[in-house]
Amino acid sequence: MAHTIQLAVNKGLLSQRSIADVIAIGRKIVGHFKHSPLAYARLQSIQEQFGMPQKRFQQDVSTRWNSTYYMLESLFAQKRVLATYIADHDLPATFTAYQWVLIENVLSLLAPFEQITKEISSSDASVADVIPLLAALKRLLNKEAETDHGVKTTKSALLEAVSTRFSQADSEPLYCIATVLDPRYKDHYLDVGKKLRTREMIQAKLDLGKPLGDGDGQVMHSAGDENSAESKRARTTDEPRTVSLSDMFDEILQENNPFARQRTSSTAQQLDGYLSEVPIPRSNNPLEFWRTNQGRFPDLAQMARRYLSAPCTSTDSERLFSAASHVIDEKRNRLSCEKAEKLLFIKKNLPLFLKK
């Protein structure tokens, strides 16, 4: 998702010439200070005069849209410093008063995309976040704001790019089921038709994996049990059965109410009870909810373990390799794989244990 968001933002930013010009000027200014130690020393002196912390400008990278956001943000934060610098020294390019206003509005427009990128790339993100994040983003882009001046074309292009690239997201079974199984969202972010289809998918999967015995949700059907069930059904279908008029009444009722039989099952009752409750705050941990309420919704909790997975992003993989470089180095390069994994686990989870 993070990569697709980047593609959408890149297309939106380049759709408006005035914003593309602002980005080009920003790159020239940042490049000047990157390649001139004297210019940077003068900039630091001015920062000290204003009592501001000494910060370098952020250089953007074409493959990461958020680096462009950080570059514009760092330039806007040093607006007064740059104005003082220009009074005594030359720069390869400068911003006009209108362009400074444009930068401020672009930052306001891109702030939600930056928030989404951070959330979807965090270590506790899950695929259940995709549909709600996209729904909130589209609604925000559809609303008019005071900061739309000068960026309306870009805003429309961003909305179109997001809608096009994520057109199938709310129809993907994985995303739909994960969203409903997340107690922070449930089915509130799906339309009526998708609510019904998602409920049918969840109910079907619960029925396929319906536990044996007392229904505690911990024991699943084995291959042998499935084979015996199939053979039993085959024998049942071979036996002649008398159909009465009363059966037809029941059959007609069943056709017009497909959930009548399912709602009498324990799994359907769990699903009804779960969806009838108010969603938990978005800041809460959904996995903690299922750990606490496993006794109330055993089958749903078991299903949530499978579907509340991490989203498709390389961020955590990169962080893992970065952490591994601190564990395995030239002086400690003979660690076995098992010990290296243990050290990585301790390094990542030790802060959590210390908080407790």
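Let's start in helix 4, where W65, N66, S67, T68, Y69, M71, L72, S74 and L75 are buried. Keep in mind as you look around that this is a predicted model. What do those buried residues of helix 4 pack against? Their partners are helix 1, helix 2, helix 5 and helix 6.

Now zoom out. The protein has 17 helices and zero strands, so what you see is helices rather than strands. Of its 356 residues, 38% are buried. Looking at contacts with a separation of 6 or more, 73% of them join residues 24 or more positions apart.

Next, the inside. In soluble globular proteins, nonpolar side chains tend to be buried together. Here, the largest nonpolar core holds 51 residues, and M1, F33, L110 and F113 are the ones that touch the most other members. The elements giving two or more residues to this core are helix 1 (2–13), helix 2 (17–35), helix 3 (37–49), helix 4 (65–77), helix 5 (79–88), helix 6 (97–120), helix 7 (130–142) and helix 8 (152–165). Which helix gives the largest share? That's helix 6, with ten residues.

Pick out L110 to see this up close. Leaving aside residues up to four places away in sequence, L110 touches V9, L13, W65, Y69 and L158. Two of the names there, W65 and Y69, are also among the buried residues of helix 4. There is a second, separate core too, made of 25 residues, including I177, L206, L271 and F297.

Stay with helix 6 a moment, and find T117 there. Is T117 buried or exposed? Its relative accessible area is 12%, and because buried means under 20%, T117 counts as buried. Again not counting residues up to four places away in sequence, T117 touches I5, W65 and N66. W65 and N66 are both among the buried residues of helix 4.

The protein exposes about 21800 Å², and carbon and sulfur atoms supply 54% of that. F345 lies in helix 17 (residues 337–355). Its relative accessible area is 51%, and because exposed means over 50%, F345 counts as exposed.

Key:
Residues are numbered from 1 along each chain as its sequence is written. This is a predicted model: local features need pLDDT of at least 70, side-chain atom pairs count only at pLDDT 80 or more; totals for chains, interfaces and linings use all residues. Side-chain values use heavy atoms; hydrogens and water are left out. Helices (H or I, at least four residues) and strands (E, at least two) are DSSP runs, numbered from the N terminus. Buried means under 20% relative accessible area, exposed over 50%, partly exposed in between (1.4 Å probe, protein chains only). A nonpolar core is a set of buried Ala, Val, Leu, Ile, Met, Phe, Trp, Tyr and Cys residues joined through side-chain atoms within 4.5 Å. Contact means heavy atoms within 4.5 Å. Accessible areas come from the Shrake-Rupley method with a 1.4 Å probe; for residues, only the protein chains shown count as cover.
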